[in-house]
Each structure stands twice: as C-alpha cells, then as structure tokens.
Amino acid sequence: MQFISKEVLDKISYESTLGKSLKQISLRKTELSDVLMDIDKYRSQYTDIVVQENLIGSRFKSNDSIMRKYERTLQNGGGFKQCFNDVLGFRLYFEEYPELYPDYFRVVDLRKGKRIDDGYRAIHLYYQKNNLAYPIELQLWCAQDYQFNVWSHKLVYKYHAEYIGKQLYEKYRSGIIDSEEKFKYEMNRLMEGC
C-alpha cells in the first residue's frame, strides 16, 4: 500500500492568492470569479508537477462542479474551506481499507455513509500544507465499494436525490445489482416511483 509522500504533497500544494487563511475567508463575501481565477493559477502550476512526479489518477474539480458545490454550500450555510476542500483530488484503489494512515493526513471515514447517505462509501484523506493552502483530497475506494462508487459517480451523484443512491447501494450490497446494466435498470425503476 502506497500513499503519496508528504514531500510530493508539499510540491503540489498551492497557497491561495486571496490573502487570508482559508478559515478566515467568507464564502458569502468573496466573489466566485476571484476564487475561480485563483484555482486556474493552481491548475497551471500543477500541470508541470504532474509530469515531473508522474502523478496519475489526479483530477482538478471542474469549474462547473465548483459552481454547483458553491451554490450547495451557500444554501447549507457552509464555509469557504468546506466548499473548496477538494479542488485537487486523487482516487486510489486498495483491495481493503487500510487500518493505519500517515499522521500528515486528516482522516474522514465514510465507510458507513455520509451524514445524508447517498450510498457512497470510502475513506477520504485530507492534506493541507498550511492555512493558506487549498486542501488536497485522497479518496480511497476499496474492494466492494469501488464498483458502486464508479457507477454512482457516473450516473447518480450530482444528478439525482441522495435517497436514490442509498437505495441503489442497498440493492448493490444485497446482490441485486451486479452490473452497470442492472444499476441503470434499478435506477430507472426508482426514478419512475418518484
């Protein structure tokens, strides 16, 4: 099992040019266009490091996804750091969920679901170089949860209500869903019942 080293995480970290600790930035008082420009600077600097460090499996959140999360976070009363905690992320596959993690990560265990359960299961690791830097998120998708997460992100997540994902996960875990075709079929049945 291999995690990204602290040295590499420090190289790919980016300190915001917004001039404050991310905890001190008001989501409501900061123009989204300013944040998007800041993230564009991060993307351009990161591209060179990706090649140098041979980092695969990474992704920058798209501007469309950022805007959707921004609107959701505003509606739910969340803060800046909560909204922009996963601008840069990695998805890592392991056969089993690890028991131990390097101490430079903050660990969020989602193996039993999120607060509002949408079926997604994983462990998220967050690294933040300092209070000015955007956090980097590592999503661990393991064994039995991996395939469901792939289908859910492709077909449900961001598009349908959370309860649909939760019901699909229950069908997946019980063996009713064992292919993408069955996933789509069960999803459509649930949608018709709305």
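In the predicted model, Phe183 has a relative accessibility of 0% and is therefore classed as buried, the limit being under 20%. Trp151 is likewise buried, its relative accessible area being 7%. The rings of Trp151 and Phe183 form a tilted aromatic pair, with 5.8 Å between centres and 50° between planes. This pair joins distant parts of the chain, as Trp151 belongs to helix H5 (residues 143-155) and Phe183 to helix H7 (residues 180-192), 32 residues apart.

The largest nonpolar core contains 38 residues, of which Tyr42, Phe84, Phe90, Tyr134 and Leu138 touch the most other members. At least two residues each come from several elements, including helices H1 (6-12), H2 (32-53) and H3 (63-76) and strands S2 (88-94) and S5 (136-142). The greatest contribution is that of H2, which supplies seven residues. Beyond residues up to four places away in sequence, Phe84 touches Leu27, Leu32, Val35, Ile39, Ile66, Tyr70, Tyr134 and Pro135. A second core, separate and made up of 12 residues, includes Trp151, Ile164, Phe183 and Leu190.

Aromatic pairs number 20 in total. One of them, between Trp141 and Tyr146, is edge-to-face, at 6.1 Å centre to centre and 65° between the planes. Trp141 is buried at 4% relative accessibility, whereas Tyr146, at 33%, is partly exposed. Ring pairs also connect Phe3, Phe94, Tyr101, Tyr104, Phe105 and Tyr127 in a cluster.

Arginine side chains are placed over two tyrosine rings: Arg111 lies over the face of Tyr97, 5.6 Å from the ring centre, and Arg121 lies over the face of Tyr169, 4.3 Å from the ring centre.

Key. Residues numbered from 1 in each chain as written. Predicted model: local features only at pLDDT ≥ 70, side-chain atom pairs only at ≥ 80, totals over all residues. Heavy atoms only, no water. Core = buried A, V, L, I, M, F, W, Y, C linked by side-chain atoms within 4.5 Å. Buried < 20%, exposed > 50% of the residue type's maximum accessible area, 1.4 Å probe, protein only. Helix = DSSP H or I, 4+ residues; strand = E, 2+ residues; numbered from the N terminus. Contact = heavy atoms within 4.5 Å. Phe/Tyr/Trp six-rings, centres within 6.5 Å; stacked < 30°, edge-to-face > 60°. Lys NZ or Arg CZ within 6 Å of the ring centre and 35° of its normal.
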